[in-house]
Amino acid sequence: MSGVVEAKLAELGLILPEVVPPLATYQPAVRSGSYVFTAGQLPMIKGNLPVTGKVGAEVSAEQAKELAATCALNALAAVKSVVGDLDKIARVVKVVGFIASAPDFTAQPGVLNGASELLGAVLGEKGVHARSAVGVAVLPLDAPVEIEIQVELVAGA
């Protein structure tokens, strides 16, 4: 265990996963100055998508909300891979969620709450962020949800 944030993860019964390997030519996260930007994170668990399809069709909104939380956990793992310690996070600045949606599905913000709630539970006030919830036709590997985050690091981190 590395610090306060990972202790909070453990308290919540969560384990920070290994960084999901890139599906193409990119890095899971990059640092620029005092910010870390993650690539889009799919809800991979041990290298596999637990479910595929469109939210509002093959995937329920509640399932998708849980998958969004998994994406956020994977994003935190990507951040840690760059900075070494999640306690270096000053705050989550922005979350962008892409939800593969059935044509009549309009509850994308509720799905993205899964990521927002996880970040708030783990990081407290540091997890409060701006965000965008975007409905899309399809995502890589037919994933229902993809999340990217931007975090600011503490000064000198």
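At what angle do the axes of helix α2 and helix α3 cross, and how close do they come? The legends below begin with that pair. This is a predicted model, in which local features need pLDDT of at least 70 and side-chain atom pairs count only at pLDDT 80 or more, while totals for chains, interfaces and linings use all residues. Residues are numbered from 1 along each chain as its sequence is written, and side-chain values use heavy atoms, with hydrogens and water left out.

**View 1. Helix α2 (residues 61–83) crosses helix α3 (residues 108–123) at roughly 45°, with the axes coming within 7 Å.** Helices here are DSSP runs (H or I, at least four residues) and strands are runs of E (at least two), numbered from the N terminus. Axes are lines fitted to C-alpha atoms, for helices over the stretch in contact, and angles run from 0 to 180 degrees between N-to-C directions. The two helices are therefore oblique to each other (under 35 degrees counts as roughly parallel, over 145 as roughly antiparallel, 65 to 115 as roughly perpendicular and the rest as oblique). On the α2 side, look for Ala 61, Ala 64, Lys 65, Ala 68, Ala 69, Ala 72, Leu 73 and Leu 76. Their partners on α3 include Gly 110, Asn 113, Glu 117, Leu 118 and Val 122, where contact means heavy atoms within 4.5 Å. Sorted by class, this contact has 13 nonpolar, 3 polar and 2 charged residues; Ala, Val, Leu, Ile, Met, Phe, Trp, Tyr, Cys and Pro count as nonpolar, Asp, Glu, Lys and Arg as charged, and the others, Gly among them, as polar.

**View 2. Helix α2 from end to end, with the glycine that follows.** The 23 residues of α2 should span 33 Å at 1.5 Å a residue, and its end C-alpha atoms are 33 Å apart, which agrees. The expected span is 1.5 Å times one less than the number of residues. Gly 84 comes after α2 and has a positive phi, near 85°.

**View 3. Helix α1 (residues 4–11) meets α3, their axes crossing at roughly 115° and coming within 8 Å.** Val 5, Lys 8 and Leu 9 of α1 touch Ala 121, Val 122 and Leu 123 of α3. This contact has 5 nonpolar, no polar and 1 charged residues.

**View 4. Leu 16, in the loop between α1 and β1 (29–32).** With 18% relative accessibility, Leu 16 counts as buried (buried means under 20% relative accessible area, exposed over 50%, partly exposed in between, with a 1.4 Å probe and protein chains only). Beyond its neighbours within four places in sequence, Leu 16 contacts Glu 6, Leu 9, Leu 73, Leu 76, Ala 77, Lys 80 and Leu 86. Leu 16 and Thr 70 are 54 residues apart in sequence, with 10.0 Å from C-alpha to C-alpha.

**View 5. Gln 41 and Ser 60, two residues of the loop between β2 and α2.** Gln 41 is buried, at 3% relative accessibility, whereas Ser 60 is partly exposed at 34%. Setting aside neighbours within four places in sequence, the contacts of Gln 41 include Val 20, Pro 28, Cys 71, Asn 74 and Ile 147. Ser 60 and Pro 144, 84 residues apart in sequence, are 9.7 Å apart in space, C-alpha to C-alpha.

**View 6. Leu 141 and Asp 142, in the loop between β4 and β5.** Leu 141 is not a glycine, yet has a positive phi of about 60°. Asp 142 also has a positive phi, near 65°, and counts as partly exposed at 30% relative accessibility.
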